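Please look at the model below.

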Amino acid sequence: MTWPFGHDIGAIVKKLAKRSLASEKRRNQMVVVAVALAAFLICFAAVVAVSIAQILTVVPYQFPFLQMGLYLFVMFGMEAILSVWMVRRQKKQSLVEQMRAME
């Protein structure tokens with residue numbers, strides 16, 4: 001670009017345009033970083049809030065006395081039945097047969 005008084009300012013205009021674009025690019029990068037940081041902080045705060053809410057809730061629990069009692073009754077009953085069965089079986093065998101079975 002040439003002005004009527006003979007100065008060429010084209011190189012200066014190009015240099016200023018490049019600097020302007022570079023500064024806008026840096027500004028845009030900083031905006032992206034700021035938005036990403038803000039989104040991270042908001043998500044982190046939400047996760048902490050939900051975690052605290054979950055920790056403070058109390059889950060009701062009752063020990064299953066009926067089921068455990070029934071389980072123990074069945075287990076001891078089976079042990080008694082098997083013990084009686086083994087004693088009767090051993091009484092039917094002679095002492096020599098019992099010793100051979102142990103070897």
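## A report on the chain

Phe-40 and Phe-44 sit four residues apart in helix H1, so about one helical turn separates them. Helices here are DSSP runs of H or I with at least four residues, strands are runs of E with at least two, and both are numbered from the N terminus. This is a predicted model: local features need pLDDT of at least 70, side-chain atom pairs count only at pLDDT 80 or more, and totals for chains, interfaces and linings use all residues. Residues are numbered from 1 along each chain as its sequence is written, and side-chain values use heavy atoms, with hydrogens and water left out.

**Aromatic pairs.** How many aromatic pairs does the structure hold? There are two. Rings of Phe, Tyr and Trp (its six-membered ring) pair if their centres lie within 6.5 Å; planes under 30 degrees apart are stacked, over 60 edge-to-face, and the rest tilted.

| Pair | Type | Centre to centre | Between the planes |
|---|---|---|---|
| Phe-40 and Phe-44 | stacked | 6.3 Å | 20° |
| Phe-63 and Phe-65 | edge-to-face | 5.0 Å | 65° |

The cut-offs are under 20% relative accessible area for buried and over 50% for exposed, with partly exposed in between (1.4 Å probe, protein chains only). Phe-65 is exposed, at 64%. Phe-63 has 43%, so it is partly exposed.

**A nonpolar patch.** Phe-40 and Phe-44 also belong to a nonpolar surface patch. Like charges are joined within 9 Å, and nonpolar side chains (Val, Leu, Ile, Met, Phe, Trp, Tyr) within 5 Å. Ile-52 lies in helix H1, residues 10–56. At 46% relative accessibility, Ile-52 is partly exposed.

Thr-57 is in the loop between H1 and H2. Thr-57 is partly exposed because its relative accessible area is 46%. Thr-57 and Ala-36 are 21 residues apart in sequence, and their C-alpha atoms are 32 Å apart in space.

**The whole chain.** The chain has three helices and zero strands. Its C-alpha trace spans about 135 × 40 × 10 Å along the principal axes. Of its 103 residues, 1% count as buried. The chain exposes about 10200 Å², and carbon and sulfur atoms supply 72% of that.

**Confidence.** The mean pLDDT (the predictor's confidence in each residue, from 0 to 100) is 84. Helix H2, residues 65–92, has the highest confidence, with a mean of 92. Helix H3, residues 95–102, has the lowest, at 77.

Conventions
Patches are made of residues with over 30% relative accessible area and no salt bridge: like charges are joined within 9 Å, nonpolar side chains (Val, Leu, Ile, Met, Phe, Trp, Tyr) within 5 Å. Accessible areas come from the Shrake-Rupley method with a 1.4 Å probe; for residues, only the protein chains shown count as cover. A salt bridge is a side-chain nitrogen of Lys or Arg within 4 Å of a carboxyl oxygen of Asp or Glu.
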